[in-house]
Amino acid sequence: MIPTSFDYIAAKSVDDALSLLAKHKDDAKLLAGGHSLLPAMKLRIAQPKLLIDISRIKDLNYIREERGQIRIGATTTHFQIETSDLLGRVCPLLPEAATNLGDMQVRNKGTIGGSIAHADPAADWPASIIALNAEMVAVGAKGERVIKSDDFFVELFTSALQPGEILREIRFTPPKGRFGQAYMKFRHPASGFAVVGIAVSLTTEGSKCAACSVGVTGVAGKAYRAGGVERAMKGAALDGKTLAAAADHAADGVEPNSDLFASGDYRRHLAQVYTRRALETAASKAK
Amino acid sequence: MAEKTVGKPIKRTEDPRLIQGLAHYVDDIKLPDTLHAVFLRSIYAHARIKSIDVTTAQKLPGVVAVYTGKDIAQKIGPVPCGAAIPEMKVPDHRVLATTKVYWVGHPVAMVVAENKYTARDAIDLIEVDYDELPAVVDEEKAADPKSPVIHEKFGSNIAYKLTAGEGDIEAALKAADKVVKHKILHRRLAPIAMEPRGVLARYYPGEQELTLWTSTQIPHLCRTQVALMLGIPENKLRLIAPEVGGGFGSKLNVYAEEAMLGYASMQTGRPVKWIEGRRENMQATIHGRGQTGYIEIGCKRDGTITGFRYNVFADMGSYFQLLTPAIPTLTGLMLSGCYKIPAIQMNVTATFTNKMSTDAYRGAGRPEATYVIERAMDLVAAELRMDPVELRRKNFPAPFDNNSFKTATGLFYDSGNYQAALDKALKMADYNRLREDQRKARSEGRLIGIGVSTYVEICAMGPSSAMPAGGWESATVRIEPTGKVTILTGASPHGQGEETSFAQIAADQLGVEVNDLTVIHGDTAVVQYGIGTFGSRGTAVGGTAVYLALQKLKEKAGKLAAHLLECENVSFSDGKFCPAAAKAKGASVPEPVVPVGQAPGGSLPEPNPSGKQISIQEIALAAHLAKNIPPDMEPGLSATTFFEPKNFTFPFGTHIAVVEIDPETGQVHFQRYIAVDDCGRQINPLLVHGQIHGGIVQSLGQALYEEVVYDDQGQLTTGTLMDYAVPRAAHVPWFELDSTETLSPVNPMGVKGVGEAGSIGATPAIVAAVVDAMSPFGIRHLDMPIKPENLWRIINKKAGAA
């Protein structure tokens, strides 16, 4: 539990952080909340020579609405999301997911950008990122680029961010009209991470589901979109039987993880059960 | 007058410093010029060491010394084992590995450097060439003659075999109408004290004295052993257990690191510190439990138990720590539970495995006993289609006292009224109504389970004849010239709250305020020899020593009071002595003898007895001034006692768990948790509740979550708290607690002890509740930890079949 020696620089701005990254390349790691990086360093799994602290850059920390879009700065903490009035109003999925994340100390320090850039396959945020069809704004030497949520989570602990890039912002268009959202999670009893985590955001028209998006975390090597569930839900009635039938597609085409606590079969089953429950909760909120 | 405090739930005097972060654990003690030690530990479960190359590590700037087994294994005595079983094999347990490594975490080298970062960096520079050997992981397979052998000179992995118990077990089982058999597993558990181990050693070359601060439950026993290991006079070793952040038995031990740190300080002439990391703690601090058992219980058709046999493979790990081989013998002692069983037999096969040693973890062998007898009773109830409560009641002895209930395990229980605790718990639970509700819920397809455990445990360890190193405890009570009271206890509280409860005992005896007392423990240079805190003995043995020392002290104070009051006899109440015939009137809170800042010119005021009464504080002053004391009396006012109990004590109780299982996911949800515990006289019910809460939580962890898992190669797969599930607040139900009070005849206060009750009584209740909930699927037993996937598989299969 003793890390290797490293240097530390608190970046003053995003440009400052970018130039430090360009200079130190693979020797450097960005530090935001530190809740994934520091434990990895203590176990010497990560041995960066330099930490570039971006948590003090003020213009990376915000939650705001602009031209119908919600924009969240990458170093916004879980606690800020949990307690955001704006999000509570237009996208309660995120505050709800935040309450499921770690404990109060973790939520006070950990950041949404740090979490999704780490791309832990059992982290909570990726499910919501996918369910909201969010876009990630990355900034690098050549300027900004936008990465769609479906492209962002590449594989185990690998996001689409390139070396030298910094995740600047998460943005999405909140649901319009009548909508319902839910995040349902089966916590691992030791780690508290998601054995299964299901985020649902759906809109309704009359008594039917107009559109539904479902993000799944914890089940596979990376968070994914449950496309089969989404297709089955589009235009479907919101009765229990229909929701259950849709939820059965939660792990279609997926090779579920297997570990000491839960086998692949069990995880697949849990994904289906938790998807049904999340759909039911979201549907009831939309009424 | 000072209000009586014994029996009152007063808040712990320890808490303000703990809550405010003002306490001093080993790591909080900073000495100038301190070096830091880090250990290189084996990454293999079983391997031959071909070579160790430390040359690069030694050259790293800041590294002061690198020690390997070759350097010091023969210069430091073996890690001690205090337990002895006839014909047991004792491996030569050196502080560092020499020719072979025996478990993942086995220390191979120690680096001492200017700081812990350099020491840790140097660890990566040590090159060890291993020849990996097949690992022995399962305690039952370890006994197989075909198994690889860990300690080659023993020729097998069997550490010892032992048969215990009384009565003709063969005849008893033959006479039974039914014999129920089952395999029962007790997984390995990690004690997970919040504060891991830690040692700070400082050698004073001029004085030739070594001071060792170590996070231990047994400062004096540890000092004796470490002095022997290092070959230094015991009176030149001062051992201090500063604030200790929990132990649960894991610090009732003497570890290789304690001696090695002392050695390193003696060699370097500088203070040396080591603080265990959590991963090290999982690998190299003792584990608990670890038994694979087979039960056979015989019963008559009416439920009368005729005999009970327990054949068990007990997992020792690769070496013995302080009490490793003794733990299964405690299981054997308690197999009768709280039932009349005429014949009992335990056959232990203790085996070496390529794992960390097992040893005492909260309950230490007794939870295993309670678990197997309680599971056996439930299996019998299921077999006979009897209510598990009725079966238990049928086999209870009548309420008893005077150490009069003899078991076929050779014990005499001190006192018990098992019916009363059961009745109270049933009433709190509204048991008949619960069963009614369960029937209704079942008809709706819901899986509700009710589990009842009636337990008895053995604690207040104990008579010296039954203990490896003394079963007594010591106390000194003295009243300082200013009237303040100091208690020196040989017990070594580390979270139990005895600074508060011992002060309560003394405050009531002396008629002073709790705040006028201080309780000192853990420093061998200050406190007379003591045994320590474990086995739920702190209050029953250590508290009794305090109580008896107080009687001695009051006797002397009374003689001095009679002298000063110029009367034959005195009586003592509310902190004041007065002539025996008269009563102290207008007794009030005793004023401090020396109000702060008012002592004239640093001198002390003369005692001023009114002629009718004199306070104990005034007596203390008179005793120290010694100007007017009886000619045959020694000055000063202190008394020391070494209390030797004549028997163990046997606390008991009833725990009831009510759970509901989510049939879709197999998750277990608690509906209620009821416990009635009888720990004899309660000094402080708040502390009793705290102990019960913690014990139930650890039981709950054992029943549903916890298991130290080594894979087939002996790799520790639950090496962090990300994998090993310790219960958190969100896992824990609301506890409905009450108690009965059956005084123990073993000590004058009637105290039994409560430190381990929760961890003994709760596990079987929780498992029974889950089994009961699953009984519609034909389930009669489930092994711990009961994971949701297991339940889902059972439910799923049956649902598919139906």
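How many bridges join strand E4 of chain A to strand E5 of chain A, and do the two run parallel or antiparallel? The first point answers this, and the model throughout is a predicted one.

1. The hairpin of chain A. Strand E4 (residues 63–66) and strand E5 (residues 69–73) of chain A run antiparallel and are joined by four bridges. Within this pairing, A:Glu65 has A:Ile70 of E5(A) as its bridge partner. Two residues lie between E4(A) and E5(A), which form a hairpin. In the turn, A:Arg67 has a positive phi of about 45°. In general terms, strands of a sheet pair through backbone hydrogen bonds, in either a parallel or an antiparallel manner.

2. The side of chain B that touches chain A. Contacts between the chains involve 21 residues of chain B and 15 residues of chain A. Three helices of chain B each supply at least two residues to this side, namely H4 (116–123), H8 (278–284) and H19 (788–801). H4(B) gives the most, with four residues. Sorted by class, the side of chain B that touches chain A comprises nine charged, eight nonpolar and four polar residues.

3. Helix H10 against helix H11 in chain B. H10(B), residues 366–384, packs on H11(B), residues 388–395, at an angle of about 115°, and their axes are 9 Å apart. H10(B) is therefore roughly perpendicular to H11(B). The crossing of H10(B) past H11(B) is right-handed. From H10(B), the contact draws on B:Met377, B:Asp378, B:Val380 and B:Ala381, while H11(B) contributes B:Pro388, B:Leu391 and B:Arg392. By class, this contact has five nonpolar and two charged residues, with no polar ones.

4. Helix H10 against helix H18 in chain B. H10(B) also packs with H18(B), residues 757–773, at an angle of about 35° and with the axes 8 Å apart. H10(B) passes H18(B) in a right-handed crossing. Among the residues of H10(B) that make this contact are B:Arg366, B:Tyr371, B:Glu374 and B:Asp378; those of H18(B) include B:Ile760, B:Pro764, B:Ala768 and B:Val771. The contact of H10(B) with H18(B) has six nonpolar, four polar and four charged residues.

5. Helix H13 of chain B. This helix covers residues 431–443 and has 13 residues. From its first C-alpha to its last, H13(B) reaches 19 Å, close to the 18 Å expected at 1.5 Å a residue. Just after H13(B), B:Gly445 adopts a positive phi of about 85°.

6. A four-stranded sheet in chain B. The strands of this open sheet follow the order E21-E20-E19-E25, and the pairing is mixed. At the edges are E21(B), residues 517–520, and E25(B), residues 638–643, each of which pairs on one side only. Neighbouring strands are turned against each other by 15° on average, direction ignored. Strand E19 (residues 473–479) of chain B runs antiparallel to E25(B), and six bridges join the two. B:Val477 has B:Ala639 as its bridge partner in E25(B).

7. The helix across the sheet. Helix H15 (residues 538–565) of chain B lies across E19, E20 (485–489) and E25 of chain B. H15(B) runs at about 140° to E25(B).

Definitions and conventions. Residues numbered from 1 in each chain as written. Chains lettered and ligands numbered in written order. Predicted model: local features only at pLDDT ≥ 70, side-chain atom pairs only at ≥ 80, totals over all residues. Contact = placed C-beta atoms within 7 Å. Nonpolar A, V, L, I, M, F, W, Y, C, P; charged D, E, K, R; others polar. Pairing = 2+ DSSP bridges. Axes fitted to C-alpha atoms, helices over the stretch in contact; angles between N-to-C directions. Parallel < 35°, antiparallel > 145°, perpendicular 65-115°, else oblique. Left-handed = near helix turned anticlockwise from the far one by under 90°. Expected span 1.5 Å × (residues − 1).
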